[in-house]
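Welcome! Take a look at the sequence and structure first, then read on.

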Amino acid sequence: FLLKAVIAWRVVVDELSDPTRSTPMGVVCITMVCVFSGRGVVGEAVVLVTSAFHFCLAIWFFYMTYQFRMLPDPSWFPNTVGLAYASIKTWLYFPVPGKIMMMLTMIFFF
């Protein structure tokens, strides 16, 4: 995904402009957080940066679905509820930011 953002920035921007096409980015974030957790200092950095990006992606996703007036769809899971994975993995390394992300995730969905 990072290579795609460097090489084909316009494609990434185009994917982010539609809630349906931005779903794979949430899956990439979930995968990166699960793979890099427990990998030392590099893993900590990757988990924190990926979790922050996933949080921003979720906010952007909510904004876009509001703009398009879309009804909920099961394909929304990676960008919305999948944020809980990032919260838990962040909490393992950084308790305070992880708890803040968990609280915001619960506020978003309850």
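**Helices and their neighbours**

Thr50 is found in helix H4, where helices are DSSP runs of H or I with at least four residues, strands are runs of E with at least two, and both are numbered from the N terminus. This is a predicted model, in which local features need pLDDT of at least 70 and side-chain atom pairs count only at pLDDT 80 or more, while totals for chains, interfaces and linings use all residues. Residues are numbered from 1 along each chain as its sequence is written, and side-chain values use heavy atoms, with hydrogens and water left out.

**Thr50 and Val33**

- Thr50 counts as buried because its relative accessibility is 6% (buried means under 20% relative accessible area, exposed over 50%, and partly exposed in between, with a 1.4 Å probe and protein chains only).
- Not counting residues up to four places away in sequence, Thr50 touches Cys29, Met32 and Val33; contact here means heavy atoms within 4.5 Å.
- Which residues does Val33 contact, leaving aside its neighbours within four places in sequence? They are Val47, Thr50, Ser51, Tyr85, Ala86 and Lys89.

**The nonpolar core**

- Val33 also belongs to the largest nonpolar core, together with Phe55, Ala58, Leu83, Ala86 and Met101, which makes six residues.
- A nonpolar core is a set of buried Ala, Val, Leu, Ile, Met, Phe, Trp, Tyr and Cys residues joined through side-chain atoms within 4.5 Å.
- Helix H4 (40–68) and H5 are the elements that give two or more residues to this core.
- As background, nonpolar side chains tend to be buried together in soluble globular proteins.

**H5 with H6**

- Helix H5 covers residues 83–93 and helix H6 covers residues 95–109; their axes come within 6 Å and cross at roughly 160°. Axes are lines fitted to C-alpha atoms, for helices over the stretch in contact, and angles run from 0 to 180 degrees between N-to-C directions.
- H5 and H6 are therefore roughly antiparallel to each other. Angles over 145 degrees count as roughly antiparallel, under 35 as roughly parallel, 65 to 115 as roughly perpendicular, and the rest as oblique.
- H5 passes H6 in a left-handed crossing, a term for the near helix being turned anticlockwise from the far one by less than a right angle (right-handed if clockwise).
- On the H5 side, the contact residues include Leu83, Ala84, Ser87 and Trp91, and on the H6 side they include Pro95, Met101, Thr105 and Phe108.
- By class, this contact of H5 with H6 has 11 nonpolar residues, four polar and one charged. Here Ala, Val, Leu, Ile, Met, Phe, Trp, Tyr, Cys and Pro count as nonpolar, Asp, Glu, Lys and Arg as charged, and the others, Gly among them, as polar.
- Thr105 has its place in helix H6 and is buried, with a relative accessible area of 7%.
- Not counting residues up to four places away in sequence, Thr105 touches Leu83, Ala84 and Ser87.

- How are H4 and H6 oriented to each other, roughly parallel or roughly antiparallel? They pack at an angle of about 20°, with axes 12 Å apart, and H4 and H6 are therefore roughly parallel to each other.
- In this contact, Ser51, Phe55, Ile59 and Phe62 of H4 meet Met101, Leu104, Phe108 and Phe109 of H6.
- The contact of H4 with H6 has seven nonpolar residues, one polar and no charged ones.
- H4 also packs with H5, at an angle of about 145° and with the axes 9 Å apart; the crossing of H4 and H5 is left-handed.
- Among the residues that meet there are Gly40, Val47, Ser51 and Phe55 in H4, and Leu83, Ala86 and Lys89 in H5.
- By class, the contact of H4 with H5 has seven nonpolar, five polar and two charged residues.

**Around the ends of H4**

- Gly40 lies in helix H4 and counts as partly exposed at 38% relative accessibility.
- Phe68 is also in helix H4 and is partly exposed, with a relative accessible area of 44%.
- Phe68 touches Ser17, Asp18 and Pro19, not counting residues up to four places away in sequence.
- Phe68 and Pro19 are 49 residues apart in sequence, and their C-alpha atoms are 8.6 Å apart in space.
- Arg69 has its place in the loop between H4 and H5 and counts as exposed at 59% relative accessibility.
- The phi angle of Arg69 is near 55°, a positive value in a residue other than glycine.
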